[in-house]
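Colleague: I am new to reading protein models, and I would like to learn how the parts are described. Could you take me through one example slowly?

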Amino acid sequence: MKRILLAASTFALLGAAVACSENATGTPSASGGGSTTATEMPPPPPLPTGGGTAPTTTDSEGSSGPLAGKSPCALLSPAELTQIGISAAGKESKQGIVRQCRWSQGDSQALGIVDTAGLANITGATEKAPVPTVGRHQAVRWTAGTGNTCSVSLELTSTARVDAQVVATDASSACPKAMKLAQLVEPKLP
């Protein structure tokens, strides 16, 4: 009896060794309905495609407008800002697709860079009118809200623009101040 048990044990161990040495393909899986304590690893992240490098992003979410990566606060120097009565530092922010720099000293004045929408894509305007070319850029003047907000938008491309905006306490001064801001920044635009 001992010989039969010894032979059966040897045969079982030999069979297990042969089974473990076989090259099997496929995915291992648990069988028999028992639980397993192994955890699954998440799949690795995909590799970048197209040229072997990952794309770089900018504040404009990867856009490639002519001013992509340029700070709107850097468009005017302190000396230029004093020409329009601004001595305070600008505050940079992002509002939707507009990267802007706002100066609040008396009236609120702002320069906004829009990398993904041109003059034809201005939204929120209650009144919109073309104005004569500012320097070498096509321009549109538009108002929004109560009428004390006026913007002059300068076309960079059909899908990019710069907005010069003024929110004035005196509605009649909003558009002239927005035009002055646009004229001041225009020579610096591509």
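Colleague: Which strands does helix H3 lie across, and at about what angle does helix H3 run to S6?

Modeller: Please keep in mind that this is a predicted model, in which local features need pLDDT of at least 70 and side-chain atom pairs count only at pLDDT 80 or more, while totals for chains, interfaces and linings use all residues. Residues are numbered from 1 along each chain as its sequence is written, and side-chain values use heavy atoms, with hydrogens and water left out. Helices (H or I, at least four residues) and strands (E, at least two) are DSSP runs numbered from the N terminus, contact means heavy atoms within 4.5 Å, and angles run from 0 to 180 degrees between the N-to-C directions of axes fitted to C-alpha atoms, for helices over the stretch in contact. Here helix H3, residues 171-185, lies across S3, S4, S5, S6 and S7, and runs at about 25° to S6.

Colleague: In what order do the strands of the open sheet follow one another?

Modeller: Two strands pair if DSSP finds at least two bridges between them. In this model the seven strands of an open sheet follow the order S1-S2-S3-S7-S6-S5-S4, with antiparallel pairing. Its edge strands are S1 (91-95) and S4 (127-134), each of which pairs on one side only. Neighbouring strands of this sheet are turned by 25° against each other on average, with direction ignored.

Colleague: Why is strand S7 described as largely enclosed by the rest of the structure?

Modeller: A residue is called buried under 20% relative accessible area, exposed over 50% and partly exposed in between, using a 1.4 Å probe and protein chains only. Strand S7 (residues 160-167) is largely enclosed because seven of its eight residues are buried. S7 pairs with S3 (residues 107-114) in the antiparallel sense over seven bridges, and Ser-108 has Val-167 as its bridge partner in S7. S7 also pairs with S6 (residues 149-157), again antiparallel, over eight bridges, and a hairpin of two residues joins S6 to S7.
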